[in-house]
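Dear colleague,

I am handing over the structure below, and my notes on it follow directly after. Please read them with the model open beside you.

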Amino acid sequence: MMFGNLREKLHNVVQEGLSASLRGLSVNEVIVAQSPSEHPVNYDAGADLLHKYQTEWNQLHLLAEDNAHKAEEVNEMISLLHHQMSEQWKKMDTITSCMDSMPQLVKSIENAMKDMENIKLLINDVEHQLLKLDDVVEEQELQEQMLNERFQLAVYRSKKLKELEKISGELEADHKEKVTDLEQKINIKLKERQEIFNQVFQQDMRQYIISGMIPVMKSSSNGGRDEVSLEDIEIEDDTDALDELLNS
């Protein structure tokens, strides 16, 4: 706005100068026309003056435009400086606020350091408790392993006892079967002997009826006949399976 007014003033001054020069030229021309012989006039003086004013006006115009550009640059620089100063002012406000809150910040840092000390003590306590927990866990695992081993041993013992009972039952059944077979054989032999004795008795009775005498039988160490008793019978028990079970 200021440079626009200056430009208008310069333009008005130049126009006034040109008008005055033209008026001066008009007066001189009239004078020359009245007395051409007394006062010689330079007719090119107005053109030189006009050229001079035009040149000066162009220079002033260029200077005005240059000043306008520089004024715009200065305006931009001032705006930039204003923006920077505003930012600096905001930062100063922030720094001032931080400085005002510095005592509270120091107090908060002190409280945080105390809390860190307490946390450190708690961490040490937790580590100590974790070590105890590890010992308890190891002891518990050892006890569980011992219980598991005892359980496995009890299961193995129960299994072996069942196998022993099974083998004992099989041996007992086999023994009973052998005793039954032996008793049957003894009964068969006793029946055979009884039949033989009956036949001999019948023969002796017939002989007695015929001859009136009983024939005398030759005695021997065992009475002339093979006598079989339960004491003379040997039962062979197969104990290999029982010994193998007990030694396993």
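Counting a salt bridge wherever a side-chain nitrogen of Lys or Arg lies within 4 Å of a carboxyl oxygen of Asp or Glu, the total comes to four salt bridges. Before the individual pairs, please bear in mind that this is a predicted model, in which local features need pLDDT of at least 70 and side-chain atom pairs count only at pLDDT 80 or more, while totals for chains, interfaces and linings use all residues. Residues are numbered from 1 along each chain as its sequence is written, and side-chain values use heavy atoms, with hydrogens and water left out.

One of the salt bridges joins K70 and D66, with 3.6 Å from N to O. These two residues sit four apart in helix α2, so about one helical turn separates K70 from D66; helices here are DSSP runs of H or I with at least four residues, strands are runs of E with at least two, and both are numbered from the N terminus. K70 is partly exposed at 45% relative accessibility, and D66 is likewise partly exposed, at 33%, where buried means under 20% relative accessible area, exposed means over 50%, and partly exposed is in between (1.4 Å probe, protein chains only).

K160 forms a salt bridge with E163, and the closest N and O atoms are 3.6 Å apart; the two residues are three apart in helix α3, which means a separation of about one helical turn. K160 is partly exposed with a relative accessible area of 23%, and E163 is partly exposed at 28%. The side chains of K176 and E172 also meet in a salt bridge, at 3.6 Å from N to O, and because these residues are four apart in helix α3, they too are separated by about one helical turn. Here K176 has a relative accessible area of 49% and E172 one of 44%, so K176 and E172 both count as partly exposed.

Turning to α3 as a whole, this helix has 110 residues and reaches 156 Å from its first C-alpha to its last, close to the 164 Å expected at 1.5 Å a residue (the expected span being 1.5 Å times one less than the number of residues). In α3, the residues I167, I186 and R193 are buried.

There is also a nonpolar patch on the surface, formed by M92, I95, M99, M102, L105, V106, I109 and M113, with about 740 Å² of accessible area together. The elements that give two or more residues to this patch are α2 (45-100) and α3 (102-211), and the largest share, five residues, comes from α3. Patches are made of residues with over 30% relative accessible area and no salt bridge, like charges being joined within 9 Å and nonpolar side chains (Val, Leu, Ile, Met, Phe, Trp, Tyr) within 5 Å; accessible areas come from the Shrake-Rupley method with a 1.4 Å probe, and for residues only the protein chains shown count as cover. M113, which lies in helix α3, is exposed, with a relative accessible area of 51%.

From the record, an unreviewed UniProt entry annotates residues 109-143 as "coiled-coil region"; such annotations may be inferred rather than shown by experiment, and the positions are given in the numbering used here, with feature names shortened. In the model, the chain over residues 109-143 is 100% helix and 0% strand, and the end C-alpha atoms are 50 Å apart.

For the chain overall, there are four helices and zero strands, and buried residues make up 5% of the 248 residues.

With best regards
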